[in-house]
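Student: I have a structure to study and would like to work through it with you, one question at a time. Could we begin once it is on the screen?

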Amino acid sequence: MAPHDTTAGPSDSIDGYVGDSLYPSSFHASFAPPNIDAMLAHVGIASPRGHATRSSFTMVDIGCGDGIGLILNAAAHPEGHFIGIDGNPGHVARGAAMAAEIGLDNIELHHQYFDAALAAQAGGAADYVQCQGVLAWVSETNRGHVLDLAAHMLKPGGALAVGYNCLPGWTPMVAFQQMLWTLADGLPGTPTQRFETALEQLRATGIFEAGHWEWIDEMRGRLPTDYFAHEYLNRHWTPLWSGAVLEAAAERGLALAGQARPNRLRADFALKAAWRDTLSTIANPAARECALDLLTRNWFRTDLFVKQPYARLSATVQAEARMQGWWSAARPLGEASFEARTAAGTIRFDNDAAHAILRALENGPQPLSAVPDIGEADLFNALDALFMAGEVVPADPPADVPLAAATHAALLRLDAATINGAVSSHGVIGIPRGSLRP
Ligand SMILES: C[S@@+](CC[C@H](N)C(=O)[O-])C[C@H]1O[C@@H](n2cnc3c(N)ncnc32)[C@H](O)[C@@H]1O
């Protein structure tokens, strides 16, 4: 593919991806470095940062949108360096203005297409790469560029977290998206206006049953209006089979380590015994992941890959790493729920260990080792359940976050409603919990 003119102004398409509308600012806490480290420790893989949290590191965001996620991480981690890449100049301008307003000097946002970035960006220096909402929204060629770029920028042992729409969960919406996109193509107006017009034209046809309309109308009541064009009006939008993603990653030296989100952290909590039995009969890893998605009717994955070669922790070092990991409570103890809803049903864990962990975190982040009087096995079980329930989130040891107040003020001006929930439970930014309300 020929290199793109990255100095051009807004265009209506970036290789088939909506280019004349700005994606709503969004923050994905599960792609933050402490979260990735906790997920890696859980499967016995060393953190790209080694054991010394708060040592310097580099994080890259491929298809970063306006980079709000990177900006929050950059504010929370003055010791880190952050690089965002996106093909929409409006996204980069919005993020750069916000980073400048806050006063961040550890972030660079590049207006680059993926293939141009592959040629321009230095290789082998990144500890973490995140890529949310891109892989299943772009052409097959660009999917290759994204994975090539991630593999190029990561150092050995570095981690890639990639979130994408998957099959079979999205199956009922494939025809719906195809009809919407086709109806919207060539209509006048902004992408959001075209989406709205096409949606009502599609509704009038009566082709799709109530379930589709319940799905989309519920989302329209909840999500920012500009989200929808970016989800439904891309020419190459296609939910992916996880097995195909795994194979494409493996070809580039990226090995699946787990998921960035903790919803499947523990198979014994998240999967029915019969499903686990079935999965244990499938030796091929790609086929096993597809089977898992089929059994759980999964519609979204946050695959976590590690660049080969990488270090495995001994059982002793792994247990030590988990005991030394820092955690933050997502809400005050009195509001905590001791239940987690998983694909297998609801797990309940209203036990001494879970209460002891939340009591220890009441006054701010602490390492798991700070929880008194509970044995290691009970601690790990309760922590896993609390993590899966969203009651605790991985954190770094508190550090001076000099720009927390400026970040807080900038977020309030940007769109507190969108970002409030994720940030206030994130725990490491240094912004008082729940204070990001308009
Ligand atoms: C759905 S948005 C996700 C944004 C962000 N990662 C998030 O989750 O909030 C997809 C992003 O990929 C960017 N993108 C799509 N195709 C691209 C390409 N070929 N080169 C560079 N960026 C591209 C878009 O501009 C957009 O910001």
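Predicted model: local features only at pLDDT ≥ 70, side-chain atom pairs only at ≥ 80, totals over all residues.

Student: How far is an oxygen atom of the ligand from an N or O atom in the side chain of Asp86?

Tutor: Two side chains can be set next to each other here. For His91, an N or O atom of the side chain is 3.0 Å from an oxygen atom of the ligand. For Asp86, the corresponding separation from an oxygen atom of the ligand is 2.6 Å.

**Salt bridges**

Student: How many salt bridges does a search of the whole structure find?

Tutor: One of the salt bridges is formed by the side chains of Asp37 and Arg49, at 2.9 Å from N to O. This pair links distant parts of the chain, with Asp37 in helix α1 and Arg49 in the loop between α1 and β3, 12 residues apart. Asp37 and Arg49 are both buried. For the whole structure, the search finds a count of 20.

Student: Why are Glu200 and Arg203 separated by about one helical turn?

Tutor: Glu200 and Arg203 form a salt bridge in which the closest N and O atoms are 2.9 Å apart. Both residues lie in helix α7, which covers residues 191-205. They are separated by about one helical turn because their spacing in that helix is three residues.

Student: Is Glu200 buried or partly exposed?

Tutor: A residue counts as buried under 20% relative accessible area and as exposed over 50%, with partly exposed in between. Glu200 has a relative accessibility of 36%, so the class for Glu200 is partly exposed.

Student: Where is Glu289, the partner of Arg301?

Tutor: Arg301 forms a salt bridge with Glu289, and the closest N and O atoms are 2.9 Å apart. The pair links distant parts of the chain, 12 residues apart, with Arg301 in strand β9 and Glu289 in helix α13. Arg301 is buried, with a relative accessible area of 0%, and Glu289 is buried too, at 11%. The place asked for is helix α13, residues 285-296.

Student: Which residues does Gly243 contact, leaving aside its neighbours within four places in sequence?

Tutor: Gly243 is found in helix α10, which spans residues 242-250. Its relative accessible area is 5%, so Gly243 counts as buried. With the neighbours within four places left aside, the contacts of Gly243 are Ala286 and Cys290.

Student: Is Ser30 buried or exposed?

Tutor: Ser30 has its place in the loop between β2 and α1. Not counting residues up to four places away in sequence, Ser30 touches Asn35, Ile36, Ala260 and Arg261. The relative accessible area of Ser30 is 13%, and because the limit for that class is under 20%, Ser30 is buried.

**Backbone details**

Student: What is omega for the peptide bond that joins Gln308 and Pro309?

Tutor: Most peptide bonds are trans. The bond from Leu167 to Pro168 is cis, with omega near 15°, and Pro168 lies in the loop between β7 and α6. Pro309 lies in the loop between β9 and α14. The bond that joins Gln308 and Pro309 is also cis, and its omega is about -10°.

Student: What is the phi of Asp373?

Tutor: Most residues other than glycine have a negative phi. Asp15, in the loop between β1 and β2, has a positive value near 50°. Asp373 lies in the loop between β13 and α16, and counts as exposed at 79% relative accessibility. Although Asp373 is not a glycine, its phi is positive, at about 65°.

Note on methods: Residues numbered from 1 in each chain as written. Heavy atoms only, no water. Polar contact = N/O pair within 3.5 Å; in protein donor to acceptor, adjacent residues only side chain to side chain. Helix = DSSP H or I, 4+ residues; strand = E, 2+ residues; numbered from the N terminus. Buried < 20%, exposed > 50% of the residue type's maximum accessible area, 1.4 Å probe, protein only. Contact = heavy atoms within 4.5 Å. Salt bridge = Lys/Arg side-chain N within 4 Å of Asp/Glu carboxyl O.
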